Amino acid sequence: MSLSPVEGVALAEIESTGDGDGDAPKAKGFVGRSPGQLAWVRLRRDRTAMISAAMLVFFVLLAFAVPLIQALYGVGPREQFQDRLDGFGMPLGYAGGITGEHWFGLEPGLGRDIFIRMVHGLRTSLFIAFAAAVITAALGILLGTLAGYLGGWIDAVINWITDLTLAMPFLIIALALTPTVALRFYGQREAVPPAFQIGVLISIFALFGWTSTARLVRGQVIALREREFVEAARASGAGLGHMLFRQLLPNIWAPILVSFSLAVPSYITSEAALSFIGVGLTDETPSFGRMIYRSLDYLQTDPSYVFFPGITIFALVLAFNLFGDALRDALDPKSSR
Amino acid sequence: MRPRAAVAAGGAIALVVTLGACSENTGDGTTVDNTRQQTGVIATDPKDSLGPAAEVAGAQKGGTFTIIRETPISHLDPQRTYSFAGLMANPLFSRYLTTWKDDGKGGLVLVGDLAETPGTNVNSDCKVWEFKIKDGVKFEDGTPITSKEIAYGIARSFNPDLAGGPTYVQEWLADSPEYDTKWDFKKNQTSLPPGLTAPDPKTLRFEFAKPRCDLPFAVSLPTSAPLKADKDTGVNLDQRPFSSGPYKVAKNQAGVQLTLDRNPHWDAATDPVRHQYPDQFVWSFGPTADAANNRVIADNGADQSAVAFNYVPSSLVAKVAQDAALKSRTILSPTPSANQLVINNQRVTDLKIRQALNYAIDRDGLIKAVGGQTVAQPMTTLMPSSTIGYEAYDAYPAGANGNVDKAKELLGGKTPELVLGVADNTGEQKIAIQLKGNLERAGFKITVRNIPDDAKLDEVKKKNNPWDLYIGNWAADWPSGASILPVLYDGRSIKAEGNSNSAFFNDPAINAEFDRILALEPTKQGPEWAKLDQKIMKEHAPVVPLYVDVAYLVHGSKAGGVFISSVFGYPSFVNAHVKK
């Protein structure tokens, strides 16, 4: 039996559910559960978690099914329906031009379909947010465990780099870097492809986002590294890889998972914010930030244009945040309210 | 408590949406009259230049007239004034050699302002011009304005420290674009620039090396405002200009508010265009276009006699246009600011491609994309309709939505790949998306290349810029073909950088035409420019004319007499008055 503290906590919970009958692990009605299973049970019991998880699954499915939805819906994200706009460029009909063909109406001016652009925008936003969160988590875990476990000069250097990164002004660098990078790689007569813009956005997020995970992981690892089970493993001659990935990491998954689930929504809003100030994606690539940015001009004259993208990004980020909170409660019951 | 708050928030959102949804937009009542025909002439009868200006119907004296604008006026000093706000504010406290009598409906007459007539072409070769100064014209301190003060005003515009204003007269007198080195104002403060003389207090004489037939137009700009040498405070004149017009600066809180009081020494009998109705004019700076327009729409208190200088922003257009109660408080007028899809003629050398672009263009869709008919009106000519002698024509008739088949036929099955360079601001991005969709339907392959907003103008004006198409805009300083066609399409003027001829169009036959027409009497040039306009479009199609900007303005219920200047396209205040 391992001396891992997580399992110790789990054991305590089993004991408490087992009504203090700790000395009889084989008592009747008692089921042995791994900490993962326990967390799962706790998560299942949480109604908020289940509802937000269902919403997330729905959004992710929607994002994956974009080609299918487009085929069924029969309208492309760049198609224009300007014949359905009046002389001011405002959509004809009710609530921003909602009809059977255009479920969420049309954009004023260009006359593109809002629904299909939103579905495409959902895919763009989720892809950017997930990719950025995975990369930052990976970077953060690697640097955090190394710094925390090895200590010494490596810790000092990594800490120093973390502080340096934290001190760099994110917005200013994003503003300065994005256009310059495009100019560096693409000629004056070449269009910058959306994939490149998305890549730049993800890299900027990765460049700035890894610090919080790294600090979190480092703190956790420092707390663990003097523990008995770690000492025991070290005494048995375990290598660095084994120490990091078999002994330390499994015990700090919970905070990492929570920070990951909270990072995704923050990247969704950051992408929107960057597109909003014009350094993110260009208007050709459907994205939430761009849509909301353009729709704000029409707040007074075509509120439904603001409403649909606004409510969707609101629901998406809220669902992610609620799920992240619930996940933390489930994984770390000691900190529950 | 929490669920209730959530319900309340949800309810509020639902309410907003249903409110927006409950009115059906049928597209009614959204037509704009664009049939108006502009005319412009130079007054030949000296009586036209006599004051006083005809009374404005229903106008009365008194009250404070407020103008709300987002950014301050860049310069008040007449010799440094070139921004639209400055050009509209300046006539309130400055008089010029000539000025435009403007009925706000497109009827323009160039008349003498301080001068008795809009200039005398002494030898009929446009090289020597004479202006006779009116009697009884005075500065704000009561001293008379003579040709000496007008000449001093023009002389000080040579001072490089006082840059920012128009440079026509200076360049023509010096016969060189580097006028400030040719004649140094600071070393010659007591003398006058070469060619400019004031033989007696009533006469001002210009002598040029080359024919300058547009001089009467050029001196309608504030360069020709008079100033007494002992009142010249140099760069500080920007804070408090010395008045020769119906109002004088009472208080100037830089960047916040400019207050103008009546000038008692201004004599209405000498002035053919200006009035002196309100007791006070107040320019108030700060509120955004949205805020200013919303304030004027609300029509409360002092805002009742206010006008929002910035046009109704596209976000408010539909709201304002569909409010019948606001109709009497809005002004809608085309402006002389013309927009083109400029074709880089150095790169796109095939005439058929340029013609196909002209056939393909969907002006109706483009206008919807930029904000609709209260923001833009289609144009098919090189010169806007406000130009003297203008004649409407469409060299490539393709209907409001363009003729895709005709364009494809001209292309003959080829797919020209063109790069459209656009500034990365919201406005041009919208146009780029629209044009890409539009032209790709007609068989082109369009690559959109973003150019940083602040660099775009400089970049497309470089001779060897790498793009095939870009959006261009030209607002002429006076409504004559001479300030449009030769400036934009004379190939001999192409230099390495800073080209106004950003189409890089160069045709010897057309260049010869420019020379021929420029040497004609100004009064005879109008129809010739219109003919040349048509000839350039039919034979060469160097650009695709897109649309003219439309001024859409809202004023308070007590603000009267405001009209859109047919010359500059912004509100003019010479007739402004406060209704009781």
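Two residues are in contact if their C-beta atoms, placed from the backbone, lie within 7 Å. The structure is a predicted model, in which local features need pLDDT of at least 70 and side-chain atom pairs count only at pLDDT 80 or more, while totals for chains, interfaces and linings use all residues. Residues are numbered from 1 along each chain as its sequence is written, and chains are lettered from A and ligands numbered from 1 in the order in which they are written.

**Chain A**

Helices (H or I, at least four residues) and strands (E, at least two) are DSSP runs, numbered from the N terminus. Chain A has 13 helices and zero strands. A residue is buried if 20 or more other C-beta atoms lie within 10 Å of its own, exposed if 12 or fewer, and partly exposed in between, with C-beta atoms placed from the backbone. By this criterion, 39% of the 337 residues of chain A are buried. Among the contacts in chain A with a separation of 6 or more, 71% join residues 24 or more positions apart.

One helix pair is described here in detail. Axes are lines fitted to C-alpha atoms, for helices over the stretch in contact, and angles run from 0 to 180 degrees between N-to-C directions. The axes of helix H3 (residues 47-64) of chain A and H13(A) come within 8 Å and cross at roughly 135°. H3(A) and H13(A) are therefore oblique to each other; angles under 35 degrees count as roughly parallel, over 145 as roughly antiparallel, 65 to 115 as roughly perpendicular and the rest as oblique. The crossing of H3(A) and H13(A) is left-handed, a term used if the near helix is turned anticlockwise from the far one by less than a right angle. On the H3(A) side the contact involves A:Thr48, A:Ala49, A:Ser52, A:Ala53, A:Met55, A:Leu56 and A:Phe59, which meet A:Ala315, A:Leu316, A:Ala319, A:Phe320, A:Leu322, A:Phe323 and A:Ala326 in H13(A). This contact of H3(A) with H13(A) comprises 12 nonpolar, two polar and no charged residues. In this classification Ala, Val, Leu, Ile, Met, Phe, Trp, Tyr, Cys and Pro count as nonpolar, Asp, Glu, Lys and Arg as charged, and the others, Gly among them, as polar.

**The contact between the chains**

Chain A contributes 32 residues to the contact and chain B 37 residues.

**Sheets of chain B**

Strands of a sheet pair through backbone hydrogen bonds, either parallel or antiparallel. Two strands count as paired if DSSP finds at least two bridges between them. An open sheet of four strands in chain B has the order S5-S6-S8-S7, with antiparallel pairing. Strand S5 (120-121) and strand S7 (196-200) of chain B stand at its edges, each with a single partner strand, so one side of each lacks a neighbour in the sheet. Helix H3 (residues 147-156) of chain B packs on this sheet, touching S7 and S8 of chain B, and its direction makes about 170° with that of S7(B). S7(B) and S8(B) form a hairpin with two residues between them.

A further open sheet of chain B has five strands in the order S9-S10-S11-S2-S12, and its pairing is mixed. The twist averages 20° from one strand to the next. Helix H7 (residues 289-298) of chain B lies across strand S2 (64-69) and S12, running at about 145° to S12(B).

| Strand pair | Sense | Bridges |
|---|---|---|
| S6(B) and S8(B) | antiparallel | five bridges |
| S7(B) and S8(B) | antiparallel | three bridges |
| S9(B) and S10(B) | antiparallel | six bridges |
| S15(B) and S16(B) | parallel | seven bridges |

Six of the seven residues of strand S15 (residues 417-423) of chain B are buried, so S15(B) is largely enclosed by the rest of the structure.

**Positive phi values in chain B**

B:Asp175 lies in the loop between helix H4 (168-174) and helix H5 (179-182) of chain B. Its phi is near 55°, a positive value in a residue other than glycine. B:Asp175 is partly exposed, with 14 other C-beta atoms within 10 Å. B:Ala541, in the loop between helix H16 (522-540) and strand S18 (543-554) of chain B, has a phi near 40°, again a positive value in a residue other than glycine. B:Ala541 is buried, with 24 other C-beta atoms within 10 Å.
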